[in-house]
Amino acid sequence: MVLPVQVRLIDVGPRDGLQNEKQPVPADIKIELVQRLQQAGLKEIEVTSYVSPKWVPQMADNHVVMSGVARQPGVRYSVLTPNMKGFEAALIDKPDEVVVFGAASEAFSQKNINCSIAESIERFAPVVQAAKAAGIAVRGAMSCTVGCPYEGDIAPARVDYLAGLMKGIGIERVDVADTIGVGTPRKVQAALEAALKHFDLDHVSGHFHDTYGQALSNTLAALEMGVWNHQASVAGLGGCPYAKGATGNVSTEDLVYMLHGMGIDTGINLDKLIDAGVFISDFLQRKPNSRVATAVLNKRAG
Ligand code: HMG
Ligand code: MG
């Protein structure tokens, strides 16, 4: 077993985290959060999504947020674009990467993006082509790769199938997402193995929600396979509006603490990251959903 010496993290908090907030979060708060994340050393940030404002009202300010961020060179700003309408809207804001998002489960595909898996691929294909023509990278998020809120357990063969379809339309890298955080290490490894049949190690990332408290263990299991791209959410923000009861991704703070403790480099300053988490949590009038942030804040107070 050779663990990666370095992990590349995408903070998905501004998108995956905030999309789930019921109270409106003003664009200037979202912009400040993105800027604090880049100041903390994040090199990839998922900023917003270009989806229907009727479906996800919180992301309706996508243009304001994307155009308001004082971008830093060397940082990749990604956005979700489920179809050509979303891609055309995003193009104006010059994202570095667009993310199409499909599901390993048919029921979740219908609930989340209102079409079957096969139809979703038909919608993604022109997005991939247009993105490549515009020099924009393309990632494919694969939801419900271990469990689905509507279908229950999801077999690795479903992930194999979806990853193959995504590869077939030219998607460059994929996220293996445990949308509802039900996965445990061996199940997550099986889902990752299915994705690795189609994409190499540099192009598969882990996206683990922490609903059942398994996300760090699942990340460790992924690291043991050599998977070194991971996604996390500052202050543990979030959930998915179409996966009731599911909580946010593993907090970036907890993940960074674990990785640094293992001697794995992330390029992230944990103190500044915790401050970013406090900033957004203060706005939301709650404490960061991160054990590490809580421990460090208690220590600072003492
Ligand atoms: P639809 O209703 O099937 O689309 O929605 P449509 O093409 O039939 O159009 C219907 C209306 O939506 C029209 O407007 C379109 O213009 C508009 P109307 O004529 O009624 O006024 N429309 C759009 N508006 C803005 N942006 C667009 C867009 N497309 C159509 N891109 C659609 C299909 C995908 C748009 C819809 O189902 C949707 O917006 N769903 C939201 C999905 C979402 O954001 N989910 C959360 C993110 S995914 C996630 O969190 C999982 C992830 O983290 C990984 C994991 O953890 O699993 C990535
Ligand atoms: Mg997610």
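Mentor: Start with V69. Not counting residues up to four places away in sequence, V69 touches I31, V34, Q35, Q38 and Y77. Contact here means heavy atoms within 4.5 Å. Some ground rules. This is a predicted model, in which local features need pLDDT of at least 70 and side-chain atom pairs count only at pLDDT 80 or more, while totals for chains, interfaces and linings use all residues. Side-chain values use heavy atoms, with hydrogens and water left out; residues are numbered from 1 along each chain as its sequence is written, and chains are lettered from A and ligands numbered from 1 in the order in which they are written.

Trainee: Why is V69 called buried?

Mentor: Buried means under 20% relative accessible area, exposed means over 50%, and partly exposed is in between (1.4 Å probe, protein chains only). V69 comes out at 8%, so it counts as buried. It lies in the loop between α3 and β3 (76-80). Helices (H or I, at least four residues) and strands (E, at least two) are DSSP runs, numbered from the N terminus. V69 and L33 are 36 residues apart in sequence, yet 9.5 Å apart in space, C-alpha to C-alpha.

Trainee: What makes E88 partly exposed?

Mentor: Its relative accessibility is 48%, so E88 counts as partly exposed. E88 sits in helix α4. Its C-alpha is separated by 9.6 Å from that of A131, 43 residues apart along the chain.

Trainee: Is K94 buried or exposed?

Mentor: K94 has 61% relative accessibility, so it counts as exposed. It lies in the loop between α4 (84-91) and β4 (97-103). K94 also has a positive phi, about 50°, although it is not a glycine.

Trainee: Where is A235, and is it buried or exposed?

Mentor: A235 is in the loop between β10 (229-232) and α10 (252-261). At 3% relative accessibility, A235 is buried. A235 is not a glycine either, and its phi is positive at about 60°.

Trainee: How do you know that T179 makes a polar contact with C144?

Mentor: A polar contact is a pair of N or O atoms within 3.5 Å; within protein, one must be able to donate a hydrogen and the other to accept it, and residues adjacent in sequence count only if both atoms are side-chain atoms. A polar atom of the T179 side chain lies 2.8 Å from the backbone nitrogen of C144. T179 is in the loop between β8 (173-178) and α8 (185-196). T179 has a relative accessible area of 5%, so it is buried.

Trainee: What caps the N-terminal end of α11?

Mentor: N269 does, with a side-chain oxygen 3.0 Å from the backbone nitrogen of D271.

Trainee: How do you know that the reach of α11 is close to the expected one?

Mentor: The expected span is 1.5 Å times one less than the number of residues. Helix α11 (270-283) has 14 residues and reaches 20 Å from its first C-alpha to its last, close to the 20 Å expected. Just after α11, Q285 takes a positive phi of about 55°.

Trainee: What covers the buried residues of α11?

Mentor: The cover includes α2 (27-39), α10 and α12 (291-301). L270, L273 and I274 are among the buried residues of α11.

Trainee: Why is α10 called mostly covered?

Mentor: In α10, 7 of its 10 residues are buried. Among them are E253, D254 and L255. Their cover includes β1 (8-11), α9 (215-224), β10, α11 and α12.

Trainee: What makes a pocket?

Mentor: On a 1 Å grid over the protein atoms alone, a cavity is a set of points where a 1.4 Å probe fits but cannot get out, and a pocket is an open set with protein on both sides within 12 Å along at least five of seven lines; lining residues have an atom within 4 Å of a point. The largest pocket is lined by 41 residues, of which V51, S52, P82, F101 and I113 lie nearest its centre.

Trainee: What volume does the largest pocket have?

Mentor: About 730 Å³. Grid points are joined across faces, edges and corners, and a volume is the space filled by probe spheres set on the points.

Trainee: How does the lining of the largest pocket divide?

Mentor: Into 20 nonpolar, 14 polar and 7 charged residues. Ala, Val, Leu, Ile, Met, Phe, Trp, Tyr, Cys and Pro count as nonpolar, Asp, Glu, Lys and Arg as charged, and the others, Gly among them, as polar.

Trainee: Which residues lie nearest the centre of the second largest pocket?

Mentor: Q19, E21, K22, P57 and Q58, out of 13 lining residues. That pocket holds about 220 Å³. Q58 has a relative accessible area of 8%, so it is buried. Not counting residues up to four places away in sequence, Q58 touches L18, Q19, E21, Q23, P24, V25 and K30.
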